[in-house]
Amino acid sequence: MKQLILILIGLVIFTDIFLLVSERSNNISWLFWQIITVFSGLWTANKVFRLKKNNETEDLVWWKWGMLVTLATTICVASLSLAFNKKSLDWDSVALYASRANFLKSEIKFSQMLEFSKYDDLNSYYYLLYPPYTTILHYVWDMTNTSLPPAIFYSSFLMIIMLGIYLIEKSDLGGYGALILGIVTISSNQIFGLSFFEYTNLPYTVYVVLGILLIKKYIQSGYVVYAWAGVYLFCSSQAIRFSEPALGVLLCTSALCFWITKSKPYLLITFLTIFMGGSRFLSWSIFTDQIAHLPNFTNITTVSLLEAIVGGFIGSLANYSAIFVKAFYPTIVATVAAILSPLTGKVANNSEIIFIKMFLTITVVFYFCGFYLLSFSTFWWRSALSESLMRSTIYLIPLSGYILIKNVSR
Amino acid sequence: MNCFGGGKFMKKLINKIKKSIGNMNVRVVVISWTLFLLTPMLDIFRYQLIVDNRNFWILNIIGGLSGKLFEVLLVIAVTIAFIWQYNSYHNKVKANKGVVTYISLSGGLIFLLSNYLIKIENYNYPNFLYSHFGLRVDRLIVYGFTGAVVALLAILGTLPVRSKINIKKYKLKYKLGGLFTYFGLASLLMNSGLTFSGYSNFRYLANLTYYDKFGSEFLLIKILKDRTPSSSTIIVPKQSVDWQVLGNQPVTRYFLYPRTLFGSGVISNRNKPWDAYFIYVQRPNYDWPEINDNKKCIKFYNDIGECVDYLTLDILWHSDNQKIYKVTFSKP
């Protein structure tokens, strides 16, 4: 587990340093926050590095264990083979990640990439829509002069999430439970379907899921290192998909849990989220605003806010709700089932279950309200809802799966 | 309740259903499942009857009913699997190792077999399986998918016996919540099942070329890339329903980089490059762009767009309905 977390942290630190070095900017406030994010990564890596190995063993029936491991391996190999045989890059990669990697090869900085949109009336914001994480991985992949398709490194995130879930959860759900949760995750139609696409959704999901599971482990065990690693991984998801509301969701969840329970672990999670999430948020916001001069591409005004409130009474909300549920199906089914499933006698007092349930609920509420507001301020909200909502929220599958499997656990 | 003659009737009915579920015999599970496994044989049998032109009335009836029988047996098999799970869930039946092995192995096997047969159909031609064996692809998909889900359920049912997962602890007092949990788990398993049954579709998606993804507009990009200097400026149409790819500058730029792209949405007499290239395309409903030789101007963006004056216009390359022009707007 330690090595896996270190690899994920290492990748983020590498991309953060890459951006710092390639930009060579003298904007003090950006430099300050970017260095803070790098140092928080190094600090977390140091703490994880000192983590002691857990030697707990569990008696498992070899053929059952073997069968599940074979199934998991088959799924990962199937995804790798699809990625290996890919004939072309996918839309997002062509338009953004691989394109930006090409510009980097021509020694064009991220902050200069908006210049390309000078003669484009529709995509002025496009090249800074997402932070550079996957672009830098594309760049490194291209620099190795390999003829293998870059879909392979996207597909490898499927193995990472399987391994991560198994290693983190085997002490909680047991060997079979952790394997089943991992298999249910990687074989889910949405996650497997994305694994060989060069989209940011799977890497983003890996950071969110493993981050939340580590935070949950901290609530269970009290080891502060899990809180650092969990919050760092979770906040690093913003280095991949910045426009997602994940930071707000975690902050609300931990703050609400603290407000209700007055339990200290939630306070630490809240502070770490403010510190690590805040520094990451500020560094990218300052970069796009002050260095790259990114124009605003959403237009939420007082009028659109008023429209949204009035719309709630005249039927827009009902119409929107139907579209939302349709776009969110089938993830919403497992999520709602997990939220509504009661807690058994023993589990009922487990604060980590309450934490994850709260996280699931607030995620659904955030996306519901966010897209509702967007529906009054943009013309493309319907396509965004139908195309990206499902892809952006696939992390709900393993988290719901955890609750459901935990419900039937000892 | 009243429409059923009062609450007593409903109570009796529920008790009776509960009792029959409780008494569910392992043999019933095995027989129902085996009958379901044999359903493709009905299709093959029906096909043989048609091909051989036999006229045994009883065989004809069975053959004719194969579709309905398949549906009925499908519902029975899935219901049995769920009831069986429900029983083990509430500790009413003990997992029988032999039955579990039989169901999980045969379920997995029919899933693989169905997918293999569908693969044969895809490699040959539509209706290949029906014209050779009488097998229908739509039924094979459902057949294989059911096999995978039931096999997974069977495996899941055995796990509580020796692992940390212990359904026994989930007591009857959590009946409604238990249903939520069970429903959620089943939805996750079904979701995974879709991946297995739809694997051929994933392979299709992975094998798509740029031409498959971007259509004929990709050919225009390719022509521009092959025929224009890498340091040139290319005028592209404004992004719209008609120009989803060539008009989408981030996509086009990936292929044409380091060429500079100039969008038709921003080009005007006040804002134009010194010289540039564009591809003239003849489409059934309209041509792009509109070149006015008399006035020596070009309209790059529909009716409301400005007609941009030029100095010289030369054809660099042409085919039947496409031409690459080099246009000079002003002296450097």
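Buried means under 20% relative accessible area, exposed over 50%, and partly exposed in between (1.4 Å probe, protein chains only). This is a predicted model, in which local features need pLDDT of at least 70 and side-chain atom pairs count only at pLDDT 80 or more, while totals for chains, interfaces and linings use all residues. Residues are numbered from 1 along each chain as its sequence is written, chains are lettered from A and ligands numbered from 1 in the order in which they are written, and side-chain values use heavy atoms, leaving out hydrogens and water.

Q: Which cysteine is joined to B:Cys297 by a disulfide?
A: A disulfide is a pair of cysteine sulfur atoms within 2.5 Å. The sulfur of B:Cys297 has a partner sulfur at 2.0 Å. That partner belongs to B:Cys307.

Q: How many residues apart in sequence are the parts that B:Cys297 and B:Cys307 tie together?
A: The link of B:Cys297 and B:Cys307 is right-handed, with 85° about the S-S bond. B:Cys297 lies in strand E6 (residues 297-299) of chain B and B:Cys307 in strand E7 (residues 307-309) of chain B. Strands (E, at least two residues) are DSSP runs, numbered from the N terminus, as are helices (H or I, at least four). The parts tied together are therefore separated in sequence by 10 residues.

Q: Is B:Cys297 buried or exposed?
A: The relative accessibility of B:Cys297 is 5%. B:Cys297 therefore counts as buried.

Q: Which cysteine has the sulfur closest to that of A:Cys257?
A: A:Cys257 is buried, at 2% relative accessible area. The closest cysteine sulfur is 11 Å from that of A:Cys257, too far for a bond. That sulfur is in A:Cys252.
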